[in-house]
Amino acid sequence: MSYFEQRRNLVSILKELGYIRSRKVEEAMLRVPRELFVPEELREYAYDDRPLPIGFNQTISAPSIVAYMTELLDPQPGDKVLEVGTGSGYQAAILAEIVCPKGHVWTIERIAEIAESARRRLEMLGYADMITVIVGDGSLGYEPQAPYDRIIVTAAAPKIPKPLIEQLKPGGKIVIPVGPLPFQVLMVVYKKSSNEIEIKRDLEVVFVPLIGEYGWRDEREATEYFWRENIVI
Ligand code: SAM
């Protein structure tokens, strides 16, 4: 089966299961070739619904969680979007398909080699004018382009980083997994006005840790936190 046929099958399964609910997410997922975002030796698994390793102990998220978080984020054409945790660049491409050409996606990654490889891949696929890849600590957000209409975090934070709330437009939304390893809760933050937010808990998820000033100190802290909590309980 060709990659396109595999992609079409996966999209129709994700629709049936309720992960894809809107036409815009469906079309974006049909357009972005996931096989080009995974390591070459893993391409045959590109349309399995599971995360895959991308090196440096990091992963490209499962297609179902990408679809689910995109639906939750509900980006609109023309939006300015910040993604924290570029990884392969796949989620950024899905977002760009929805918000561009009038909008833009800024995506920030702490591991320089991962960011560079995502930048090259996105350029090759024609996203250079739609997506800006930045190397840095995304737990601090990305002040130069703030405020954003939407912010999506694809690594698990100990708490909702304050700079992200500050860099969100009133009326904007953040989707972020919060909690230690291995399980976290997906949170949705609505900024009702400049000084009023509402937070809703959503699905239980599994993400790699957000490491940085408003994240975990390192992977160990995110894991030990879980152990400590477990022992206490
Ligand atoms: N969205 C990605 C994709 O579509 O492939 C998957 C992201 S992967 C699950 C999480 C990424 O977050 C990793 O590449 C990791 O290096 C990155 N990360 C962790 N802490 C970060 C931080 N403080 N700032 C930016 N990136 C961070």
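Let me start with the shell around the ligand: S2, H4 and S4 each supply at least two of its residues. What we are looking at is a predicted model. Within that shell, S2 gives the most, with 3 residues. Strand S2 covers residues 58-60, helix H4 covers 90-99, and strand S4 covers 104-109.

How many residues surround the ligand? There are 26, and those that come nearest are Glu83, Ser88, Glu109, Gly138 and Ile211. Sorted by class, the shell comprises 13 polar, 9 nonpolar and 4 charged residues.

On the backbone side, a polar atom of Gln91 is 3.0 Å from an oxygen atom of the ligand. Arg110 also takes part through its backbone, where an N or O atom lies 3.2 Å from a ligand nitrogen. With Asp137 it is the side chain that is involved: one of its N or O atoms is 2.9 Å from a nitrogen atom of the ligand. As for burial, the ligand taken alone exposes 600 Å², and the protein buries 99% of that.

Where does the ligand sit? The space it takes is the largest pocket. That pocket has a volume of about 620 Å³. Its lining consists of 38 residues, and Thr59, Ser61, Thr154, Phe207 and Val208 lie nearest the centre. Which element gives the most to the lining? Helix H3 does, with 4 residues. By class, the lining of the pocket contains 21 nonpolar, 12 polar and 5 charged residues.

Please compare the two sets on the display. For the pocket lining, the largest contribution is from H3, whereas for the ligand shell it is from S2.

Finally, some backbone geometry. The peptide bond joining Cys100 and Pro101 is cis, with omega of about 10°. Pro101 is placed in the loop between H4 and S4, and both of these elements supply residues to the ligand shell. A further cis peptide bond joins Ala146 and Pro147, here with omega of about 0°. Pro147 belongs to the loop between strand S5, residues 131-135, and strand S6, residues 148-153.

Phe56 is not a glycine, yet it has a positive phi of about 55°. This residue is found in the loop between strand S1, residues 52-55, and S2.

Terms used. Residues numbered from 1 in each chain as written. Predicted model: local features only at pLDDT ≥ 70, side-chain atom pairs only at ≥ 80, totals over all residues. Heavy atoms only, no water. 1 Å grid on protein atoms, 1.4 Å probe; cavity = no way out; pocket = protein on both sides within 12 Å on 5 of 7 lines; lining within 4 Å. Points joined across faces, edges and corners; volume = space filled by probe spheres on them. Nonpolar A, V, L, I, M, F, W, Y, C, P; charged D, E, K, R; others polar. Near = heavy atom within 4 Å. Polar contact = N/O pair within 3.5 Å; in protein donor to acceptor, adjacent residues only side chain to side chain. Areas by Shrake-Rupley, 256 points an atom, 1.4 Å probe, with all protein chains shown as cover. Sits in = over half its atoms within 2 Å of the grid points.
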